[in-house]
Amino acid sequence: MTTLVVVGSLNMDFVVTVDQLPAPGQTVLGRNFQMIPGGKGANQACAAARLGGNGMTVRMVGRVGYDVFADHLKASLSAAGVEVSAVHATRSQPTGVALISVDRAGQNSIVVASGANHALAASETEAMRSVFRGARFVLFQLESPLGTVEAALKLARAEGARTILDPAPAAPLTPELLASVDILTPNESEASLLLGLPPGRVTASDAVALAHALRARGPKAVVLKLGDQGCFYCDGETELFSAAFPVTALDTTAAGDTFNAALAVALAEARTVEEALRFANAAAAISVTRRGAQASVPARGEVDALLAG
């Protein structure tokens, strides 16, 4: 049985669809409202469990509050097949929430109130050792304290797991943290921030230089996610572009989380890098055609069908 572990956030997402995202100081009318289980960590765990099927164990490490949202989030993960025994409640903070607006083109604007996610302390990292033991991959994001992420990355490596970090929400990262990352998976804006560059559209030729510059900061490999342009991978030996699947996007909220989970699942199944990237692009493509975070994650059969077509 292959094991993946996800360390990160659990949030209740409050999602409103709008015709256009509001400018600063502007009020716009929303059309639909939903409360949907989310959080980048929980999204990845949910996606890994759905995509990995019965041959994979997925464990979630995180924090929630003592409130109704906590029960709902844990139940949602359990229903997807995720082990949640390492998701503990804290009285110091409420469960995290995210306020999400999604426009007609599927683009979104997100404000996160991390709450209990920030109670996942670096001092508690040693307690994760038994959860990491035997894991093939451990996935991380940046909705937990950076000190905790760095300590847990090192521990995961010490336990023999490969580490995958989605540097989102974007934040400056130290060389010490990046040195414990096996695969770094930024999107265009996150890559620019990590390198101290102004944000902007990244072309295919830009992607190569950006990925090389990021890899020079410490990670063993970089997957630069380029939205509808696909992604670019480099690890010092292999370099390749993987094309996106053409779809009409309704909501991009959990596309990156689905991509990372699918990448980990495919690599854990000993697929080649090229196959794993194609699998990840297919899963992400399906996810953007649906609304919501975990609600948009496809089942394994759907991804296999897209790849076969």
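# Helix packing and selected residues in a predicted model

H9 passes H10 in a right-handed crossing. The model is a predicted one.

**H9 and H10**

- Helix H9 covers residues 273-287 and helix H10 covers residues 300-308; their axes come within 9 Å and cross at roughly 110°.
- That angle makes H9 roughly perpendicular to H10, because angles of 65 to 115 degrees are classed that way.
- On the H9 side, the residues that meet H10 are Arg 278, Phe 279, Ala 282, Ala 283 and Ile 286.
- On the H10 side, the partners are Arg 300, Glu 302, Val 303, Asp 304, Leu 306 and Leu 307.
- Sorted by class, the contact of H9 with H10 holds seven nonpolar and four charged residues, with no polar ones.

**H8 and H9**

- Helix H8 (residues 255-268) packs against H9 at an angle of about 145°, and the two axes are 8 Å apart.
- The crossing in which H8 passes H9 is right-handed.
- H8 contributes Ala 255, Thr 258, Phe 259, Ala 262, Leu 263, Val 265, Ala 266 and Leu 267 to this contact.
- H9 contributes Val 273, Ala 276, Leu 277, Phe 279, Ala 280, Asn 281, Ala 283, Ala 284 and Ser 287.
- The residues of the contact of H8 with H9 comprise 14 nonpolar and three polar, with no charged ones.
- Phe 279 and Ala 283 of H9 are in the contact with H8, and both are also listed in the contact with H10.

**H1 and H8**

- Helix H1 (residues 40-52) and H8 have axes that come within 8 Å and cross at roughly 45°.
- H1 and H8 are therefore oblique to each other.
- H1 passes H8 in a right-handed crossing.
- From H1, the contact uses Lys 40, Asn 43, Gln 44, Ala 47, Ala 48, Leu 51 and Gly 52.
- From H8, the contact uses Asp 257, Thr 258, Asn 260, Ala 261, Ala 262 and Val 265.
- The class count for H1 with H8 is six nonpolar, five polar and two charged residues.

**Ala 262**

- Ala 262 counts as buried because its relative accessibility is 0%, and the cut-off for buried is under 20%.
- With neighbours within four places in sequence left aside, Ala 262 is in contact with Leu 51, Phe 279, Ala 280 and Ala 283.
- Between Ala 262 and Leu 10 there are 252 residues of sequence separation and 19 Å in space, C-alpha to C-alpha.

**Arg 63**

- Arg 63 is placed in strand E4, residues 56-64.
- Its relative accessibility is 10%, so Arg 63 counts as buried.
- A polar contact of 2.7 Å links the side chain of Arg 63 to the side chain of Glu 124.
- Beyond neighbours within four places in sequence, Arg 63 is in contact with Leu 10, Ala 86, His 88, Ala 116, Asn 117, Ala 119, Leu 120 and Glu 124.

**Asp 19**

- Asp 19 sits in the loop between strand E2 (11-18) and strand E3 (30-38).
- Asp 19 has a relative accessible area of 40% and is therefore partly exposed.
- The side chains of Asp 19 and Arg 31 are joined by a polar contact of 3.1 Å.
- Apart from neighbours within four places in sequence, the contacts of Asp 19 are with Arg 31, Asp 103 and Arg 104.
- Asp 19 and Ala 264 are 245 residues apart along the chain, and their C-alpha atoms are separated by 35 Å.

**Backbone geometry**

- Most peptide bonds are trans, and most residues other than glycine have a negative phi.
- The peptide bond from Ala 168 to Pro 169 is cis, with omega near -5°.
- Pro 169 belongs to the loop between strand E9 (162-165) and helix H5 (175-178).
- Ala 270 is not a glycine, yet has a positive phi of about 65°.
- Ala 270 lies in the loop between H8 and H9.
- With a relative accessibility of 68%, Ala 270 counts as exposed.

Terms used
Residues numbered from 1 in each chain as written. Predicted model: local features only at pLDDT ≥ 70, side-chain atom pairs only at ≥ 80, totals over all residues. Heavy atoms only, no water. Helix = DSSP H or I, 4+ residues; strand = E, 2+ residues; numbered from the N terminus. Buried < 20%, exposed > 50% of the residue type's maximum accessible area, 1.4 Å probe, protein only. Polar contact = N/O pair within 3.5 Å; in protein donor to acceptor, adjacent residues only side chain to side chain. Contact = heavy atoms within 4.5 Å. Axes fitted to C-alpha atoms, helices over the stretch in contact; angles between N-to-C directions. Parallel < 35°, antiparallel > 145°, perpendicular 65-115°, else oblique. Left-handed = near helix turned anticlockwise from the far one by under 90°. Nonpolar A, V, L, I, M, F, W, Y, C, P; charged D, E, K, R; others polar.
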